[in-house]
Structure formats: C-alpha cells, structure tokens
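Here's a quick tour of the model on your screen. Have a look around before reading on.

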Amino acid sequence: NVGPALIDSIRMMRMLRLLRAFRIFRGAKSLRQLVQTLLQSLPVVSNLLALLAITYFVIGILCVELFGPMCTSETRDGHREEVSMATGLLDRCLLVSERD
C-alpha cells in the first residue's frame, strides 16, 4: 500500500526533474542572450499592446456610434429592437434606393 507522503515525494522529484531543462541556459550563451533580450523587451511590448487596446476601444466606440442605428429597427409599438448587421445594411440600402 502506497501512502500519500510517498506519492507527494514522487511528485516533488518529478517537478525537480523539470528544473534540469533550465541548465540548458547556462551552457548556451546565445540562447541565454536571446531569453534575456526577450525579457528586456517585455515592457516595450506591453506598452505597444496597451496602445493597440486603446486604439481598438476608440474605433469600437466610433463604429457603434456611426453604425449602431443600422442595427436597430422600430417596432409597431414604438420600441426599438436590435437586428442583425446584415438586416440593418439591407434596410439602409433599401431606404437610400427608395429616396432616389
């Protein structure tokens, strides 16, 4: 019968075996430099990702403000309900063609 303490110690030994993979970085100087360069570039990459997220957010707000009315339709009782983008575009095209 195997006790839980023995199972825990076996798991710990397996985790320690994973640490052997990090010995590669000591031997390969170019690989170590590559990893250090990647770690040093993380702040710059995070700034770029934050700028992209803000840009997508602003573009999303503009698109909802500009094209949001195309995705709603007025019901018979005066309420507005959301419709699909395709239906909204079709309605918009039909309205424009009826005016001309």
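Which helix does L66 lie in? That would be α3, which covers residues 29–67. Bear in mind that this is a predicted model.

Now for α3 itself. The helix runs to 39 residues and spans 54 Å between its first and last C-alpha, close to the 57 Å expected at 1.5 Å a residue. There's a bend of about 40 degrees at L42, with a proline, P43, following within four residues.

Zooming out, the protein chain holds 4 helices and 2 strands, and along the sequence they come in the order α-α-α-β-β-α. Of its 100 residues, 3% are buried. The chain exposes about 9,200 Å², with carbon and sulfur atoms supplying 67% of that.

How much confidence goes with all this? Here are the mean pLDDT values:

| Part | Mean pLDDT |
|---|---|
| Protein chain | 77 |
| α3 (highest) | 88 |
| α4, residues 85–99 (lowest) | 64 |

Across the protein chain, 66% of residues reach a pLDDT of 70 or more. Confidence is lowest in α4.

Note on methods
Residues numbered from 1 in each chain as written. Predicted model: local features only at pLDDT ≥ 70, side-chain atom pairs only at ≥ 80, totals over all residues. Heavy atoms only, no water. Expected span 1.5 Å × (residues − 1). Bend = angle between axes of the 7 residues up to and from the residue. Buried < 20%, exposed > 50% of the residue type's maximum accessible area, 1.4 Å probe, protein only. Areas by Shrake-Rupley, 256 points an atom, 1.4 Å probe, with all protein chains shown as cover. pLDDT = per-residue confidence, 0-100.
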